[in-house]
Amino acid sequence: MLLHSWFRGVQFLGSVMMLNPIGSVPLPSSDDVLHDAARDASQRTCLAVLERHIDRPLQSNPSPLNPSPSHPSQPHQSAPIRGGLSTTFETALTAPGITLYRQESQALPGLPHPSDRQNPPLHHPRRGLPASEAFDDRPNRLVKTTLIYELDLSQGAGLDLAGAITIDPSETEAHANAAYDTERDPHVPPRSLEDHWQAIVKAYPDRAFAAINGQFFGATPVRLAFPLKAQGKIISGGYAGAGEYDGEKRMLAINGETATIAPFPEIGQPDNPLFSEIADVIVGLHPCADKGRDRAVGRTFAGVADRDGDGQTETVLILAASHATQIDAILILQRFGAIATVMLDGGGSTQTIALGQTYLASSDRKPRAIPHTIGLLSNAAPIESEAQEPTLRD
């Protein structure tokens with residue numbers, strides 16, 4: 001009953017054709033046709049890169065959190081990182097079970113500015129969009145920063161997917177129309193990244209390592225777009241439901257010392273994983289979903305890896321980048337060993353604090369307040385470390 005058939009028949013690669021009577025909708029303009037063609041080509045390129053560079057899909061453990069691979073294993077092929085993002089990272093911080101890697105490089109001349117509205121919009125033209133994915137408006141920075149958090153769950157590191165979230169005190173009643181039969185769609189007031197960090201420190205004084213933005217959000221008042229479950233409690237079913245990004249939702253699920261990224265089913269109770277024994281679930285988007293794929297903007301992605309080769313993905317990788325395309329994010333995570341990835345909120349929402357220091361600020365002129373962060377926890381009190389290079393895949 002927990003997680004069975006919904007892992008099968010992954011259909012996020014397809015598009016839906018809708019037949020309409022003549023005259024029921026306006027005929028598309030030539031600009032619309034060209035935009036659709038460019039978007040489709042961008043999707044095909046992203047999917048080809050994702051498929052070609054996946055080194056090893058999730059293996060044959062029969063548990064619900066380790067589904068059979070949707071395609072056969074293929075040898076890894078190295079490729080240059082697009083957009084000038086180097087694969088040379090240094091260790092910025094470390095603590096038992098968790099390491100922060102950092103890479104900084106000069107922004108390329110002519111780098112598209114996030115507020116350049118001649119580029120494709122960040123929303124799907126035929127669907128709604130979490131309003132958090134707005135255009136940034138701060139002048140283009142000269143330095144690109146890319147960060148990778150590496151957490152080893154088997155070494156005691158952890159994630160608090162709720163991130164000491166604050167729910168509007170008035171939100172005490174069930175929401176009968178909430179997505180996926182969750183009855184949870186509360187108002188989640190935005191607050192500064194520093195406030196989020198302080199809440200995580202208060203909750204985990206001996207383990208707090210970092211706070212990073214997480215869930216997409218939007219609506220008025222502000223609510224989370226997609227589902228979130230933490231420590232066995234459904235925080236929100238999201239306001240978007242099956243009406244947005246159908247077939248393109250992915251979840252990061254934490255079950256003990258194992259983390260899995262898999263398709264999220266558009267179903268309700270009881271078969272949705274939100275109602276399973278899995279304690280921690282955050283839903284994002286397929287890494288090739290249309291969120292301005294080719295735009296070098298703020299990106300927050302997560303990945304999972306099997307570092308010890310035992311068939312269990314015990315390592316969580318979280319990328320925060322100031323300037324990256326979706327393909328950049330995929331390739332960097334895969335160079336760190338990720339075998340599956342999920343896209344979280346980006347643009348001006350991408351920001352992170354580690355050990356009280358802002359390592360990546362919001363790209364907005366006024367730092368963006370966000371309703372949700374993920375707390376990254378070490379196994380013990382964090383300490384700084386000497387700079388060194390991580391081991392990347394060739």
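The stops below move from a sheet to a strand, a helix and the nonpolar cores.

The model is predicted: local features need pLDDT of at least 70, side-chain atom pairs count only at pLDDT 80 or more, and totals for chains, interfaces and linings use all residues. Residues are numbered from 1 along each chain as its sequence is written, and side-chain values use heavy atoms, with hydrogens and water left out.

**Stop 1: an open sheet**

Helices (H or I, at least four residues) and strands (E, at least two) are DSSP runs, numbered from the N terminus. Two strands pair if DSSP finds at least two bridges between them. Select the open sheet of 5 strands, whose order is 4-18-5-16-17 with antiparallel pairing. Strand 4 (158-160) and strand 17 (357-360) lie at the edges with a single partner strand each, so one side of each has no neighbour in the sheet. On average, neighbouring strands here are turned by 25 degrees against each other, direction ignored; axes are lines fitted to C-alpha atoms, for helices over the stretch in contact, and angles run from 0 to 180 degrees between N-to-C directions.

Next, select strand 18 (residues 373-377), which is joined to strand 4 by 3 bridges. Here Gly 158 has Leu 377 as its bridge partner. Contact means heavy atoms within 4.5 Å.

**Stop 2: strand 13**

Is strand 13 (residues 297-305) largely enclosed or open? 9 of its 9 residues are buried, so the rest of the structure largely encloses strand 13. Buried means under 20% relative accessible area, exposed over 50%, and partly exposed in between (1.4 Å probe, protein chains only).

Select strand 14 (residues 315-324), which runs antiparallel to strand 13 and is joined to it by 8 bridges. Val 304 stands opposite Val 316 in strand 14. Strand 15 (residues 340-343) also pairs with strand 13 in the antiparallel sense, over 4 bridges, and Met 343 is the bridge partner of Phe 301.

**Stop 3: helix 3**

Select helix 3 (residues 326-335), where 10 of the 10 residues are buried. Just after helix 3, Gly 337 takes a positive phi of about 105 degrees.

**Stop 4: the nonpolar cores**

A nonpolar core is a set of buried Ala, Val, Leu, Ile, Met, Phe, Trp, Tyr and Cys residues joined through side-chain atoms within 4.5 Å. The largest has 44 residues, and Leu 252 is among those touching the most other members. Beyond four places in sequence, the contacts of Leu 252 include Ile 261, Val 304 and Val 342. Finally, select Ile 148 and Tyr 180, which belong to a second, separate core of 40 residues.
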